[in-house]
Amino acid sequence: MVTGSRKKSRRHRARKPFPFAVPDKSTLIKGSLLGLGVMGLAWASGAYSAGSILRNADPRRAIQIAGDQPNALSALADQALLGTGKKPGDPAAARRYALRAIHSQALSPAALRALALSIEARPGGGSAAAGRLMRLSDKVSRRDLGSQIWLIEDNVRLGKISGALLHYDIAMRI
């Protein structure tokens, strides 16, 4: 038997050190920057999604995660108006939260409603300004139940039964 004349099997063949071309420095830099950009967008998307999930359940934590969540700010404004336990409502804090929500999303019906209620709740009232904001909230979206209830009460107070019934109908469809 002659052993030297046999071909080497495939696993003993020499391999190439790199099966692909090594990219140059500028390509590596571009790829790294692209990767960092994608990671940044993924982080921002995750923070916004977490804030959206927590906006009603825990609005304070939603604000900590994504500081400009308009729905979470509106929920905090509602909480500030209602007060908690023995602590009475704070219209000034509600106004601050509502204004932050409006700065974040200018046409947020819940923020417009909260701002209107905070204006109406302060000493001396401001029912004309509150009414304008509530009507604006209604124009922006008819799906805000708090605005519809306020508009029902306002129409009843003014003796406009047809307007009250219209807002009752809208409220029942929400």
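Accessible areas were computed by the Shrake-Rupley method with a 1.4 Å probe, and for residues only the protein chains shown count as cover. The model is predicted, so local features need pLDDT of at least 70 and side-chain atom pairs pLDDT 80 or more, while totals for chains, interfaces and linings use all residues. Residues are numbered from 1 along each chain as its sequence is written, and side-chain values use heavy atoms, without hydrogens and water.

The accessible surface of the protein is about 12,500 Å². Carbon and sulfur atoms contribute 60% of this surface. The protein has 174 residues, and 29% of them are buried (under 20% relative accessible area; exposed is over 50%, partly exposed in between; 1.4 Å probe, protein chains only).

The protein contains 8 helices and 0 strands (DSSP runs, H or I of at least four residues for helices and E of at least two for strands, numbered from the N terminus). Contacts (heavy atoms within 4.5 Å) were also counted. Among those with a separation of 6 or more, 36% join residues 24 or more positions apart.

M39 lies in helix α1, residues 25-54. M39 is exposed because its relative accessible area is 56%. Together with I29, L33 and L36, M39 makes a nonpolar surface patch of about 440 Å². H167 lies in helix α8, residues 161-173. The relative accessibility of H167 is 8%, so H167 counts as buried. Beyond its neighbours within four places in sequence, H167 contacts D138, Q148, L151, I152 and N155.

Patch residues have over 30% relative accessible area and no salt bridge; like charges are joined within 9 Å, and nonpolar side chains (Val, Leu, Ile, Met, Phe, Trp, Tyr) within 5 Å. A salt bridge places a side-chain nitrogen of Lys or Arg within 4 Å of a carboxyl oxygen of Asp or Glu.
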